[in-house]
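This note is meant for a colleague who is meeting the structure for the first time. Please read the points below with the model open.

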Amino acid sequence: LEYAGDVVIAFDPSKSNMAMIVGTPDGTILNVLEFSGNNRKRGPVMDNTVYCNEVRAFLKAYLCHCNLYCVGIEQAIMKKGQNYYHSQMTLTEIRGNMLNLFLEEFNIHVIEVNNWSWKSAILPEGYRGMYQKGSKKYFHDTMPGSPYNDYFEADVTDCICIYWYLCKNR
């Protein structure tokens, strides 16, 4: 990334894909990245450890010249009554890799952002439901010309909201 100023980074990880926003502390988005080990039915699902290693190597090189102002990641959402299932273990490995990467390589502690915290701070009433993709609907309804509406998953729009939350609360 060729940028000389401070950057805020936000992640929205899931078990098969992850969105990342890089922007300035004042809310200007510099780049949107998506990562996927799922291969979207184009081939076999990538081994999770290999996926994490490839993402770590990319981010280490991509961010090597940046001044990281803050980094945030959505806090894990546990299904009620469950504390182990395969999807959660996969997400735990991905999240652990991101948390460790920034501590080991950049000496920065990642801020874990609670799902309800960013939703209530950024999304208006009617877009905050626990089981709805509120950020995607919010972008579609309020910014119909936005290029972020073209993303298939809500990870990017969720990640933008997490990024805005970090900018607003840092």
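**Notes on a predicted model**

1. Strand 1 (residues 6-13) and strand 2 run antiparallel and are joined by six bridges. Strands here are DSSP runs (E, at least two residues) and helices are DSSP runs too (H or I, at least four), numbered from the N terminus; two strands pair if DSSP finds at least two bridges between them. Opposite Ala-19 of strand 2 stands Asp-12, and the two strands are connected by a hairpin of three residues.

2. On the basis of the numbers: residues are counted from 1 along each chain as its sequence is written, and side-chain values use heavy atoms, with hydrogens and water left out. The model is predicted, so local features need pLDDT of at least 70 and side-chain atom pairs count only at pLDDT 80 or more, while totals for chains, interfaces and linings use all residues.

3. Strand 2 also pairs with strand 3 (residues 29-36), in the antiparallel sense and over seven bridges. Within this pairing, Ile-21 has Val-32 as its bridge partner. Five residues lie between the two strands in a hairpin, and Gly-27 in the turn has a positive phi of about 100 degrees.

4. How many residues of strand 2 (residues 17-23) are buried? Seven of its seven are, where buried means under 20% relative accessible area, exposed over 50% and partly exposed in between (1.4 Å probe, protein chains only). One side carries Asn-17, Ala-19, Ile-21 and Gly-23, and the other Met-18, Met-20 and Val-22.

5. Cys-159 belongs to helix 5 (residues 155-169) and is buried, with a relative accessible area of 0%. Beyond its neighbours within four places in sequence, Cys-159 is in contact (heavy atoms within 4.5 Å) with residues including Asp-12, Ala-19 and Ile-21.

6. Among the contacts of Glu-74 outside its sequence neighbourhood of four places are Phe-11, Asp-12 and Trp-118.

7. Asn-107 sits in the loop between helix 2 (86-106) and strand 5 (111-113). Asn-107 is exposed, with a relative accessible area of 67%, and has a positive phi of about 55 degrees although it is not a glycine.
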